[in-house]
Amino acid sequence: KNPLTAIKSSSELLLKNTISEENKIKLIKNFNKDVDRMNILISDISYFSKTMSEIETEKFRVIELNKFLDNFLKNYLGNSKQINLNFLSNKDNLNILVNEDKLLQVIINLLENSVSIAPTNTSILITTSRNVENNNAEIRIYDQGKGIRSDDKEKIFLRFYTDRDESRQGHSGLGLSISKEIIKSFNGSIELTKSDKIDFRGACFIIKLPLRRI
């Protein structure tokens, strides 16, 4: 999966000049794909480094989670696919201490992950709830995609890990790692969990954030 290795192998084969014209064209096409992947990787590494440095100096403030998500989702356009986005809040006041821009970054990343692999006219559900036992606010994001294997629930948060097939190589595998670091900076957690919704049997991510009194 290392694009530099693939580029080097392709160039060596082309230099030997022992392959057919048809295979040369295939190599050049693959070469271009690997260059595109390399550009994505460089951009995402730069973005990751920038985000990590910003986390250390970010400013926090108390916000009401349901109002925050409602305002964001009313203006969220997503990509060109027709996606039905639903928000179901628990109607409580869920006050949390976060950096708003960074929390938005996490929500957008999770939504775009779901949208990028979802069929057209699919639905995504976001819910909020209060966990009284742990004094947490919880955000769950459900989709109707093919889901993620439970064996990969820890791996998906590792840097550069991706389970996408080759037709969906627009991602470097840094998005979820960045999201986890951001949520950790809020003293919260993010994980993949089993869906409890019959109509949303794809992936389900749960974010837990400590509640604050104001």
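Let us begin with helix 5, residues 175–185, whose buried residues are Leu 176, Ser 177, Ile 178, Ser 179, Ile 182 and Ile 183. Buried here denotes under 20% relative accessible area, exposed over 50%, and partly exposed in between, with a 1.4 Å probe and protein chains only. Helices (H or I, at least four residues) and strands (E, at least two) are DSSP runs, numbered from the N terminus. Just after helix 5, Asn 187 adopts a positive phi of about 65°.

The model is predicted: local features need pLDDT of at least 70, side-chain atom pairs count only at pLDDT 80 or more, and totals for chains, interfaces and linings use all residues. Residues are numbered from 1 along each chain as its sequence is written, and side-chain values use heavy atoms, leaving out hydrogens and water.

I turn to the aromatic rings. The structure contains four aromatic pairs. Rings of Phe, Tyr and Trp (its six-membered ring) pair if their centres lie within 6.5 Å; planes under 30 degrees apart count as stacked, over 60 as edge-to-face, and the rest as tilted. Phe 72 and Tyr 76 have ring centres 5.4 Å apart and planes at 50°, so this pair is tilted; both residues are buried. Phe 157 and Phe 205 form an edge-to-face pair, with 6.2 Å centre to centre and 90° between the planes. Because Phe 157 lies in the loop between strand 5 (136–143) and helix 5, and Phe 205 in strand 7 (residues 204–210), the pair ties together parts 48 residues apart in sequence. Both Phe 157 and Phe 205 are buried.

Finally, strand 7 also holds Lys 208, which is partly exposed at a relative accessible area of 23%.
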